[in-house]
Amino acid sequence: MTARITSLTATDFRSLRGTITIPMDSPVVLIHGRNGAGKTSLLTAMELGLTGNLASLSRMDSQPREHLVNKEAVSKKASVSIGVHGLGVEFPAGHFDIHGPNLTGKAALDPILTRHFSERCYLAQSTLSRLLEFYEDRSANGTALTRFVKELLGLDALDALIDGLHDAGDVRRLRGHAVSFWDMREQLPLLDDELSRLNKELTAAEVQATQLTKSALERLTPHWPEIAGLSPQAILDLLKEQSQEPELQRLTQLRRELNDTVSQSQRVVSAMAADQRAAIETAASAADAALRGWLDTSGQRMTELFNELGGYFSDLPSPIQNRPEYARAYAHRSVSNEVARCQQIQAKDQTAQRQVSSLQNDRQGLATRLEEIDKQIVQHSREAGQLAQALSGLVPHVHTDECPVCSRDFGEVSSSPLLGHLTSRIASLTQSAGLLSALSRERANTMSAVADRDREIGVAQAQVLTAEARTEYGQRLEFLEQALQDLASLEGEAKDGEALFGQAANAAQALASARAVDQQSAAIRDAAGRYAAVLSMDPIGASEPLQAALQRFIAEVTAQLERLMAKESARRDGEPVLRELLLKQKNAAAIRVRQLERRTARRGLYAAKVAGERTMEQARELLRLAQVERSRVVSQVFNDSLNAAWRDLFVRLAPDEPFIPAFALPQTTKGGVEARLETLYRDGSKGGNPRAMLSAGNLNTAALTLFLALHLSVKPHLPWLIIDDPVQSMDEVHISQFAALLRTLSKQHGRQVIIAVHEKPLFDYLCLELSPAFEGDRLITVELGRAANGESVPNVVVRDWKQDLAIAA
């Protein structure tokens with residue numbers, strides 16, 4: 001069944017006021033109304049209900065949704081509903097509710113059919129005059145006309161193939177796409193360079209290994225002949241076991257001992273003679289006697305004095321142990337410090353005694369004044385009445401806030417002192433109130449001063465020494481001052497004693513050295529005899545001098561050390577050479593492995609590069625064939641389909657126009673297809689762009705026929721043609737030809753034609769030309785007007801085919 005729009009309902013939509021419902025289930029629907037009646041609004045409502053957008057208005061207004069609701073609508077909202085039949089159950093109808101710029105609802109068509117409707121089925125009044133301009137306007141995806149042509153020609157697959165193969169035409173274009181192929185091209189020269197570098201490195205490593213082998217053998221063979229024919233690693237393992245360090249250390253220690261023995265024997269040989277030894281013994285005896293004489297005199301006095309001072313100072317050094325002057329000076333400093341401390345304590349005691357005496361005298365005066373104040377208070381209190389006398393009798397007994405009568409704390413009921421309250425009461429009862437008050441204040445101040453003096457006396461008495469302590473410090477000071485004088489008088493004797501101690505020590509040391517010489521000489525010869533056994537040499541002869549034997553032993557040790565040091569030096573120098581040789585051999589082996597890897601990788605890359613170049617050549621050939629085929633298809637379709645259909649339609653509507661609009665045929669097979677418009681003179685020569693060559697009326701005709709040609713050139717997904725006022729600037733000939741064309745489209749090609757016009761004669765003419773012509777044919781006419789209240793009123797007439805009985809008879 002042919003798809004058809006069946007009905008349209010719009011409420012307060014744009015210039016349509018109120019709700020109108022238009023039946024449209026007819027091959028042809030003609031809509032008429034004067035300007036402003038709502039024809040364009042009706043077709044715009046149809047576009048919104050079918051597609052869900054306003055493509056025709058969007059070309060003129062960037063915000064078309066802002067003005068969809070009728071300005072005089074009471075509800076301030078609008079709605080559109082459209083019925084569709086013949087597209088399947090998934091496309092039953094479309095409906096939208098409009099609240100200001102917001103749309104809610106569902107379109108009757110899916111996105112694919114929506115695009116087809118906007119570009120091939122609906123031609124708005126505002127679009128017709130600028131249709132060619134819109135078609136040729138270039139965007140990111142090309143012009144709309146180019147998209148129509150590509151869809152018509154079916155070039156999407158060929159264009160995709162050509163675009164996909166474009167980069168194969170030049171290898172430089174593959175850098176961003178065929179990354180692997182470009183990497184192979186870049187890696188092959190790098191691999192060649194690396195293989196060349198590896199060859200040089202391998203040659204250098206082999207030369208260095210040969211030189212190192214020669215150097216190692218030259219160093220080591222004289223000391224280890226058995227290494228000939230061994231590998232570098234085996235030689236290195238052998239050398240690790242041949243360390244001479246322990247033997248070198250033993251021989252070095254032996255030589256050091258021999259040198260010490262030689263030095264010791266030389267000292268013994270040069271020892272003092274017998275007369276010198278006797279002089280040393282005499283000097284030692286004299287020094288010892290002088291020291292004993294000092295100890296019996298001056299030393300005894302110093303010892304006694306130090307024993308007396310020991311009761312006061314426990315850390316004094318002994319005055320008869322090597323350094324008597326040091327002991328005397330140390331004791332003198334200690335006694336001087338103690339004397340100064342005792343004198344300071346006595347001075348503090350005397351100061352405290354004077355302070356206590358002064359404070360006690362001051363307190364006695366304050367106590368006397370307090371007694372006089374109490375007497376005056378008693379005397380003045382008698383002048384008061386009996387109550388004043390009674391209260392005055394209590395004053396001497398009030399010392400705190402505790403009442404002497406009831407023993408209660410007066411502070412519980414008042415913040416003022418009890419004595420102040422009592423005196424103020426007495427003062428109020430007598431004429432001597434002022435004097436009593438002054439005496440009371442003076443008594444309180446005096447009592448406070450007495451308390452301060454008592455506290456100060458206590459502090460001062462704490463610093464006064466007791467009689468025992470004062471006596472003890474006096475005795476100690478007297479003794480220490482005498483001891484200090486005695487120590488000063490012993491200074492010369494102490495220095496003499498210290499000199500005598502030094503002389504006796506030196507003499508004793510010289511005597512001990514002389515006595516050890518005879519013993520050392522015999523011991524050295526016996527000890528030197530063991531070196532002969534250690535070195536496997538002849539022993540020391542009976543008549544052989546000790547110095548000669550020792551020199552013989554030293555020469556043998558030196559010779560053995562030189563031989564071992566040469567061998568150890570060769571080992572130490574040879575080990576680094578062998579290790580470096582092993583590293584060079586290991587490096588050469590690694591280079592050979594890398595060479596093998598790089599050669600294998602190069603063979604794989606080269607094979608892949610050859611295969612890639614072969615594929616690129618095939619792609620270039622395929623690209624050339626696709627371009628040739630596209631050129632053939634374009635030429636055939638442009639000449640046989642598009643241009644032929646457009647020419648027939650245009651000539652039918654404008655038979656007198658000498659310039660015929662046409663699609664320009666592409667002149668090259670390369671590049672994309674771009675649809676351009678031109679005009680052809682009737683003799684076949686080319687003209688300019690249709691917008692420059694045609695009059696306004698024929699330009700509208702060219703645009704209208706181009707729209708119809710594009711609509712008829714492809715399979716009709718939607719067999720609808722909706723055109724708003726298509727006869728702009730047409731004369732009578734154009735209109736009659738256009739009416740015949742509409743009849744052909746409706747009756748022969750099965751298109752549902754919906755036309756809106758604003759001229760009444762034209763509307764009547766089209767009603768006659770498009771009236772039903774056979775059984776089942778129908779025509780619906782709609783005349784839009786307005787009621788007295790301004791609401792839109794449609795006058796709908798459904799004209800079905802009826803047999804003319806008179807003609808039939």
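This is a predicted model: local features need pLDDT of at least 70, side-chain atom pairs count only at pLDDT 80 or more; totals for chains, interfaces and linings use all residues.
Student: How do you know that the length of helix α22 agrees with its 16 residues?

Tutor: At 1.5 Å a residue, α22 (residues 732-747) should span 22 Å, and its end C-alpha atoms are 22 Å apart, so the two values agree.

Student: Which residues of α22 are buried?

Tutor: Among them are His-734, Ile-735, Phe-738, Leu-741, Leu-742 and Leu-745.

Student: What makes the contact between Glu-325 and Arg-328 a salt bridge?

Tutor: Their side chains meet with N to O at 3.1 Å. The cut-off is within 4 Å for a Lys or Arg nitrogen and an Asp or Glu carboxyl oxygen, so the pair qualifies. In general, side chains of opposite charge can pair when their charged atoms come close.

Student: How are these two residues placed in helix α13?

Tutor: Glu-325 and Arg-328 are 3 residues apart in α13 (residues 324-381), which means that about one helical turn separates them. An α-helix has 3.6 residues a turn, so residues three or four places apart point the same way.

Student: Why is Glu-325 called buried?

Tutor: Buried means under 20% relative accessible area. Glu-325 has 14% relative accessibility, so it counts as buried. Arg-328, at 6%, therefore counts as buried too.

Student: What does Glu-338 pair with?

Tutor: Glu-338 forms a salt bridge with Arg-476, and their closest N and O atoms are 2.8 Å apart. Glu-338 lies in helix α13 and Arg-476 in helix α17 (residues 467-489), so the pair ties together parts 138 residues apart in sequence. With 13% relative accessibility, Glu-338 counts as buried.

Student: And where are the two partners of the salt bridge between Asp-362 and Arg-453?

Tutor: The closest N and O atoms of this pair are 2.5 Å apart. Asp-362 is in helix α13 and Arg-453 in helix α16 (residues 433-461), 91 residues apart, so distant parts of the chain are linked.

Student: How many salt bridges does the whole structure hold?

Tutor: A search finds 28.

Student: Now the sheet: what makes β7 and β15 its edges?

Tutor: The open sheet has 6 strands in the order β7-β12-β13-β3-β14-β15, with mixed pairing. β7 (122-123) and β15 (792-800) each have a single partner strand, so one side of each is left without a neighbour in the sheet.

Student: How do you know that β14 and β15 pair?

Tutor: Pairing needs at least two bridges. Strand β14 (residues 778-786) is joined to β15 by 9 bridges, and the two run antiparallel.

Definitions and conventions:
Residues are numbered from 1 along each chain as its sequence is written. Side-chain values use heavy atoms; hydrogens and water are left out. Helices (H or I, at least four residues) and strands (E, at least two) are DSSP runs, numbered from the N terminus. The expected span of a helix is 1.5 Å times one less than its number of residues. Buried means under 20% relative accessible area, exposed over 50%, partly exposed in between (1.4 Å probe, protein chains only).
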